[in-house]
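Here is a short report for a reader new to this model. Take a look at the sequence and the fold, then read on.

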Amino acid sequence: MVPNLSPQNLVSVEIGKDFMLSHGYLKNDFDVKKWAAPEFLEKAAKELLEERWKKETTAKLPDATELLKSSQRVG
């Protein structure tokens, strides 16, 4: 799930919050719309994209130990 502030996602969070509150997992109620600050979600989305980019791009690179073995000079 990519974090965003769509109305549908906020409703899902609200439902989860209400469930946890009614079953005693949360002590205090809170306003989900005030809680979901966009700057934190934007930062989280950016970090997820950067992490995925690193995994995707580095997976295509050759293994460094194999490069070292193949480049050793015969003396």
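Predicted model: local features only at pLDDT ≥ 70, side-chain atom pairs only at ≥ 80, totals over all residues.

Residues are numbered from 1 along each chain as its sequence is written, and side-chain values use heavy atoms, with hydrogens and water left out.

**Overall make-up**

The chain has four helices and zero strands. Its pattern along the sequence is α-α-α-α. Helices (H or I, at least four residues) and strands (E, at least two) are DSSP runs, numbered from the N terminus. Of the 75 residues in the chain, 11% are buried. Buried means under 20% relative accessible area, exposed means over 50%, and partly exposed lies in between (1.4 Å probe, protein chains only).

**Helix 1**

Helix 1 runs over residues 7-22. Its 16 residues should span 22 Å at 1.5 Å a residue, and its end C-alpha atoms are 22 Å apart, which agrees. The expected span is 1.5 Å times one less than the number of residues.

Which residues of helix 1 are buried? They are N9, L10 and K17. These residues cover an arc of only 95° around the axis, so they are on the same side of helix 1. The arc is that of the directions from the helix axis to the C-beta atoms. An α-helix has 3.6 residues a turn, so residues three or four places apart point the same way. P7, Q8, I15 and S22 are exposed on the other side of helix 1. The buried residues of helix 1 pack against helix 2 (32-35). Just after helix 1, G24 has a positive phi of about 85°.

K17 belongs to helix 1, and V32 belongs to helix 2. Contact means heavy atoms within 4.5 Å.

| Residue | Relative accessibility | Contacts |
|---|---|---|
| K17 | 3% | L26, D29, F30 and V32 |
| V32 | 1% | L10, V13, E14 and K17 |

For V32 and I15, 17 residues apart along the chain, the C-alpha separation is 9.9 Å.

**Aromatic rings**

How many aromatic pairs does the structure hold? There is one. The ring centres of F30 and W35 are 5.8 Å apart and their planes are at 50°, so the pair is tilted. Rings of Phe, Tyr and Trp (its six-membered ring) pair if their centres lie within 6.5 Å; planes under 30 degrees apart count as stacked, over 60 as edge-to-face and the rest as tilted. F30 is partly exposed, at 29% relative accessible area. W35 is exposed, at 56%.

K17 returns here. Its charged end sits over the ring of F30, 5.5 Å from the ring centre. A charge sits over a ring if NZ of Lys or CZ of Arg is within 6 Å of the ring centre and within 35 degrees of the ring normal.
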